[in-house]
Amino acid sequence: MKPVKVGLLGLGTVGCGTINVLVRNAEEISRRAGRDIQIITASARDIIRARQCDTGAMKLSADPFEVVNDPNVEIVLELIGGYEPARELVLQAIANGKHVITANKALIALHGNEIFKHAQQNGVMVAFEAAVAGGIPIIKAIREGLAGNTLQWLAGIINGTGNFILTEMRDKGRDFDEVLAEAQSLGYAEADPTFDVEGVDAAHKLTIMASIAFGIPLQFDKVYTEGITHITQDDIVYADELGYRIKHLGIARRTSLGIELRVHPTLIPRRRLIANVNGVMNAVLVKGDAVGPTLYYGAGAGADPTASAVVADLVDVVRVLTSDPENRVPHLAFQANAITDLPILPMEAVKTAYYLRLRAEDRPGVLADITRILGDSGISIEAIIQKEPADGATDVPIIFLTHKIFEKNMNEAIEQIEQLPGITAKVTRIRVETLK
Ligand code: HSE
């Protein structure tokens, strides 16, 4: 059988990684796919630049539209990232009847509903395994491996840069900015690193996982998103003293009232496996009613791991081309006419436990005022630690762990606490999840 002809958009880290994996594993890949796979054309902004991959056998172009309009191309790999022109290129490829494979989480999270609608109308596949958690086959696991379950919740460390920063801060006491610069130099960080540290990248990935877990439309704009920039060395140490690690989690949970979609730093018990996922590694914990908790761990970024996911999608698409085009796995796991618009809960309606760090004057009555406000707001305290004042300081750090309470009650309590005369700084609040 003739090789399948592929057009590649983007010769960056992931594009070159994909070329290298396709060459290195050509025999194993075609044994699986049933046909050889050949990248016949590729586009990049600068086609002259020296690269870490061999593009000698490909027609190169600086114009990506040449690739998506090439009549010989059957499958387009979109590996340029960003919203535009990626969206326009993908829609053009679909309109031309080509299957698309993308690693672009931002594109799928924001424009996936539109893209999948066009893909369905044109009878083509759009695959996106590499968009979430790099090399971990989490899309396939949720969409196919767990298809017998009612999925209850998932929680993931899905941004390697953020996890690397928190790990280095904890293990080596390193400074936030210095670690971020290292993540950028290692090629893990997004083009705009605020996407990593402010939680946007994780929110993109959470949007995608929640959609395929619960059969809901992609709704990036409804994700509560909080980054890690306000986490201090002190918080990491105090959390440790209480038996917790701080991880930046994306959490999606089905409740009787609707779906929780939230990205924020989270204290999780140190003994959980996922609490010990360090450095740039990613992990996703998925809880199904039948299977119970399942954990997926691996490299969430980098050339070869991301290429591993891109090539797995290529094999899937090629298998469909060669065998049974009628029986495809739906783009969002559930049949297109069975996607349900369950309500997404506002953050104020989410119930969780909290770590609070306050700075308070060390005099009689201050603690009593704080606990009165917490009590009046229905917030039950699980633990309190008062630390020594720093050298020369007249105020002291006080740390509270609370039981679960609605975010709305906690917002109101924090607002009142910050107005107390004995409180000398804004309250730091980090949510706590036991992930049982
Ligand atoms: N910037 C992302 C991360 C890359 O750090 O995880 C993979 O999506």
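I began with Leu435, which counts as buried at 10% relative accessibility. The model I am reading is a predicted one. Leu435 sits in the segment after β17 (428-432). I noted its phi as well: about 55°, a positive value although Leu435 is not a glycine. Most residues other than glycine have a negative phi.

I then turned to Ala133, where phi is near 60°, again positive in a residue other than glycine. Ala133 is in the loop between β6 (126-127) and α6 (138-145). Is Ala133 buried or exposed? I found Ala133 at 0% relative accessibility, so it counts as buried.

Val132 was the next entry, in the loop between β6 and α6. Its relative accessible area is 0%, so Val132 is buried. I listed what Val132 touches, not counting residues up to four places away in sequence: Ile138, Ile139, Lys205, Ile208 and Met209. I also looked up a pair, Val132 and Ile231, which are 99 residues apart in sequence. From C-alpha to C-alpha they are 24 Å apart in space.

An N or O atom in the side chain of Lys205 is 2.8 Å from an oxygen atom of the ligand. A polar backbone atom of Gly160 is 2.7 Å from an oxygen atom of the ligand. A backbone N or O atom of Tyr188 lies 2.8 Å from a nitrogen atom of the ligand. How much of the ligand does the protein bury? Taken alone, the ligand exposes 260 Å², and the protein buries 91% of that. The space that the ligand takes is the largest pocket.

Next I looked up His331, in the loop between α12 (303-322) and β13 (351-361). Why does His331 count as buried? Its relative accessible area is 16%, and the cut-off for buried is under 20%, so His331 falls on the buried side. A polar atom of the His331 side chain lies 3.1 Å from the backbone nitrogen of Val126. Leaving aside neighbours within four places in sequence, I found His331 in contact with Phe116, Ala119, Gln120, Val124, Met125, Val126, Phe128, Arg143 and Ile212.

I moved on to Thr294, in strand β12 (residues 292-299). Thr294 is buried, with a relative accessible area of 14%. Which side chain makes a polar contact with that of Thr294? I found Tyr296, with the two side chains joined by a contact of 2.9 Å. Not counting residues up to four places away in sequence, Thr294 touches Leu146, Val284, Leu285 and Val286.

Met281 came after that, in strand β11 (residues 281-288). I put Met281 down as partly exposed because its relative accessible area is 21%, and buried requires under 20%. Its contacts, not counting residues up to four places away in sequence, are Ile157, Asn163, Tyr297, Gly298 and Ala299. I also looked up Met281 and Thr352, which are 71 residues apart along the chain, and their C-alpha atoms are separated by 26 Å.

For Leu257 I went to the loop between β9 (244-254) and β10 (259-269). Is Leu257 buried or exposed? At 59% relative accessibility, Leu257 counts as exposed. Leaving aside its neighbours within four places in sequence, Leu257 is in contact with Pro343 and Leu345. Leu257 and Val350 are 93 residues apart along the chain, and 9.9 Å separates their C-alpha atoms.

The bond from Glu84 to Pro85 is cis, with omega near 5°. Most peptide bonds are trans. Pro85 lies in the loop between β4 (75-78) and α4 (86-95).

Terms used: Residues are numbered from 1 along each chain as its sequence is written. This is a predicted model: local features need pLDDT of at least 70, side-chain atom pairs count only at pLDDT 80 or more; totals for chains, interfaces and linings use all residues. Side-chain values use heavy atoms; hydrogens and water are left out. Helices (H or I, at least four residues) and strands (E, at least two) are DSSP runs, numbered from the N terminus. Buried means under 20% relative accessible area, exposed over 50%, partly exposed in between (1.4 Å probe, protein chains only). A polar contact is a pair of N or O atoms within 3.5 Å; within protein, one must be able to donate a hydrogen and the other to accept it, and residues adjacent in sequence count only if both atoms are side-chain atoms. Contact means heavy atoms within 4.5 Å. Accessible areas come from the Shrake-Rupley method with a 1.4 Å probe; for residues, only the protein chains shown count as cover. On a 1 Å grid over the protein atoms alone, a cavity is a set of points where a 1.4 Å probe fits but cannot get out, and a pocket is an open set with protein on both sides within 12 Å along at least five of seven lines; lining residues have an atom within 4 Å of a point. A molecule sits in a cavity or pocket if more than half of its atoms lie within 2 Å of its grid points.
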